[in-house]
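Reader: I have a model on screen and some questions about it. Can we go through them one at a time?

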Amino acid sequence: MKKKILFICLGNICRSPMAEFVMKKMVEEAGVADNYEIASAATSTEEAGNPVYPPARRKLQEHGISCAGKTARQMTRRDYEYYDYIIAMEKRNVRDINRIIGSDSEGKISLLMDYTGTPHDVADPWYTGDFDSTWNDVEQGCAGLLNLLETK
Ligand code: 4NP
C-alpha cells in the first residue's frame, strides 16, 4: 500500500509546496516513487487557487525541480482521513490543522524538522525573503523523513 504524505503550511505557496516537490524528487531518485503519494495544502484560504510563489518556484528550478500546475488549496477533514502522514512546517500549523479537523485522533500530525537532529520550525521566507534557509530546512527534513519511512 502506498504511503500517503500531505505537507502543510499557512498559505501553500512557499514552504509546503517546496517540501512536496523536494520529496517527490527524492523518492524518484531513490527509485521508490511508486510507493508514495505526495501532496501539499494550506491551513488558510489566503492563497487558494494561486500558483507557487515565484521565488519558491525559482528556488526549486535552481535544483532542477518543476512545480508546474500546483495551485494552493486548503486542507479538509477528508484529507486527514485520506493521508497517512500530515506533516506541518511549524507549530502554528499544528494548531490550525486541529481547528480544521477537530483533533489528531489517529496521531498523524508531525513537524517536518522533527525528522532531523535539530527540531525547529521550518524557516518562513514570507517576511524575510530568505528562500535559501527554507530550502536547506526542507531538504534536511525530507531526507530525514524518507530515511525513516524507508527503514521502517
Ligand atoms: P507559506 O507562506 O505558508 O509558506 O505558503 C505564506 C504565504 C502566504 C502568507 C503567509 C505565508 N500570507 O500571509 O498570506
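Reader: Where is Asn12 found?

Author: This is a predicted model. Strand S1 covers residues 3-9. Asn12 is found in the loop between S1 and H1.

Reader: Is Asn12 buried or exposed?

Author: The cut-off for buried is under 20% relative accessible area. Asn12 has 1% relative accessibility, so Asn12 counts as buried.

Reader: What is phi of Asn12?

Author: Most residues other than glycine have a negative phi. Asn12 is a residue other than glycine, yet its phi is positive. The value is near 65 degrees.

Reader: Next, the helices. At what angle do H1 and H6 pack?

Author: H1 spans residues 15-29 and H6 spans residues 131-151. Their axes are 9 Å apart. The packing angle is about 45 degrees.

Reader: Is H1 parallel or oblique to H6?

Author: Angles under 35 degrees count as roughly parallel, and 65 to 115 as roughly perpendicular. H1 and H6 pack at about 45 degrees. That makes H1 oblique to H6.

Reader: Which residues in H1 meet H6, and what classes does the contact have?

Author: On the H6 side, the residues met include Phe131, Trp135, Val138 and Leu146. From H1 come Arg15, Met18, Ala19, Val22, Met23, Met26 and Val27. By class, the contact of H1 with H6 has 13 nonpolar, one polar and two charged residues.

Reader: Are H1 and H2 parallel or perpendicular to each other?

Author: The axes of H1 and H2 come within 10 Å. They cross at roughly 20 degrees. Angles under 35 degrees count as roughly parallel. H1 and H2 are therefore roughly parallel to each other.

Reader: Is the crossing of H1 and H2 left-handed or right-handed, and what about H1 and H6?

Author: The crossing of H1 and H6 is right-handed. The crossing of H1 and H2 is right-handed.

Reader: Which residues in H2 meet H1?

Author: H1 contributes Met18, Phe21 and Val22. By class, the contact of H1 with H2 has five nonpolar, no polar and one charged residues. The residues in H2 are Ala56, Lys59 and Leu60.

Reader: Now the rings. How many aromatic pairs does the structure hold?

Author: A pair of aromatic rings is described by the distance of the centres and the angle of the planes. One of the pairs is Tyr53 with Trp126, tilted, at 5.0 Å centre to centre and 45 degrees between the planes. The structure holds three aromatic pairs.

Reader: How many residues apart in sequence are the parts tied together by Tyr53 and Trp126?

Author: Tyr53 lies in the loop between strand S2 (36-42) and helix H2 (54-62). Trp126 lies in helix H5, residues 125-128. So the pair ties together parts that are 73 residues apart in sequence.

Reader: Are Tyr53 and Trp126 buried or partly exposed?

Author: Tyr53 has 31% relative accessibility. Trp126 has a relative accessible area of 37%.

Reader: How are the planes of Tyr53 and Phe131 set?

Author: The ring centres of Tyr53 and Phe131 are 6.3 Å apart. Their planes are at 35 degrees, so the pair is tilted.

Reader: Which residues form one aromatic cluster?

Author: Phe131 lies in helix H6, so its pair with Tyr53 ties together parts 78 residues apart in sequence. Phe131 counts as buried, at 7% relative accessibility. The cluster is Tyr53, Trp126 and Phe131.

Technical notes:
Residues numbered from 1 in each chain as written. Predicted model: local features only at pLDDT ≥ 70, side-chain atom pairs only at ≥ 80, totals over all residues. Heavy atoms only, no water. Axes fitted to C-alpha atoms, helices over the stretch in contact; angles between N-to-C directions. Helix = DSSP H or I, 4+ residues; strand = E, 2+ residues; numbered from the N terminus. Parallel < 35°, antiparallel > 145°, perpendicular 65-115°, else oblique. Left-handed = near helix turned anticlockwise from the far one by under 90°. Contact = heavy atoms within 4.5 Å. Nonpolar A, V, L, I, M, F, W, Y, C, P; charged D, E, K, R; others polar. Phe/Tyr/Trp six-rings, centres within 6.5 Å; stacked < 30°, edge-to-face > 60°. Buried < 20%, exposed > 50% of the residue type's maximum accessible area, 1.4 Å probe, protein only.
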